[in-house]
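Subject: Handing over the structure

Hi there,

Here is the structure I promised to pass on to you.

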Amino acid sequence: KMPEGCTTADMARHIVQAMEILGIEKAHFLGVSMGGMIAQHLAADFPEKVEKLILVVTAARPNPVLVDSVTEWMGQAKAGDHTALMGSNLQRIYSEAYYRKNKWMVPLLGMATKPKSYDRFLIMAQACLDHDAFGKLPSITAPTLVMGGGKDETLGSEAAAEIAAAIPHAKLRIFPQWGHGLYEEAPEFNREVLEFLT
């Protein structure tokens, strides 16, 4: 169960607790979107746990694009309009070509994936709106790769550059032709991740 008011910093602590239970002393972390928000806190607050860090299509703090997309999704969830929520997700996350090819699935997704409750979703969405790790970024010591999409309509194309500029010696990789879903759409994504880790 996720408590009301759970933050991205809380979620980072939960990951560390899980690592301790599993006997994992240190690991590479790849955080995508909200996962990247959580990973920022983890790398700053628990540097001994992080070997290398990869932050993908994420933000260090709210910006107008992030606020617009997340508040839209929260409104659709509160209204119980799962089809609209899935359609907005598909359109904001993936490329225009991907959306055109797959938008026929939206009504099916709306029926097949509707949760019994949006409580967890709304808590997590609020955590994204409240997320602010920007002041912690200069304390991150792990080798870091930041990856962003030039056409990111979920949290904006400038968020990755802001993160990379704040983390000492971070490497920035922008995929100009891709949006928020670059981790699925960019053909070179997996190769570049593996090259950084090895």
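Val57, Thr58, Gly148, Gly149, Asp152, Leu155, Gly156, Ser157, Ala159 and Ala160 line the largest cavity. The space inside the largest cavity is about 40 Å³, and the structure holds 1 cavity of 30 Å³ or more. Its lining has 4 nonpolar, 5 polar and 1 charged residues.

Before going on, a word on the source: this is a predicted model, in which local features need pLDDT of at least 70 and side-chain atom pairs count only at pLDDT 80 or more, while totals for chains, interfaces and linings use all residues. Residues are numbered from 1 along each chain as its sequence is written, and side-chain values use heavy atoms, with hydrogens and water left out.

Some terms: on a 1 Å grid over the protein atoms alone, a cavity is a set of points where a 1.4 Å probe fits but cannot get out, a pocket is an open set with protein on both sides within 12 Å along at least five of seven lines, and lining residues have an atom within 4 Å of a point. Helices (H or I, at least four residues) and strands (E, at least two) are DSSP runs, numbered from the N terminus.

The largest pocket has a volume of about 410 Å³. Of the 21 residues that line it, Ser33, Met34, Trp73, Phe121 and Cys128 lie nearest its centre. The elements giving two or more residues to this lining are α2 (34-45), α3 (64-78), α4 (82-93) and α7 (119-130), and α4 gives the most, with 5 residues. By class, the lining of the largest pocket has 15 nonpolar, 6 polar and no charged residues.

α4 turns up again in the second largest pocket, where it supplies the largest share of the lining, 3 residues. This pocket has a volume of about 230 Å³, and its lining includes Arg92, Tyr99, Lys151 and Trp178. By class, that lining has 4 nonpolar, 4 polar and 4 charged residues.

Ile24 counts as partly exposed because its relative accessibility is 35%, partly exposed being the range between buried (under 20% relative accessible area) and exposed (over 50%), with a 1.4 Å probe and protein chains only.

Enjoy exploring!

Best wishes

Methods: Points joined across faces, edges and corners; volume = space filled by probe spheres on them. Nonpolar A, V, L, I, M, F, W, Y, C, P; charged D, E, K, R; others polar.
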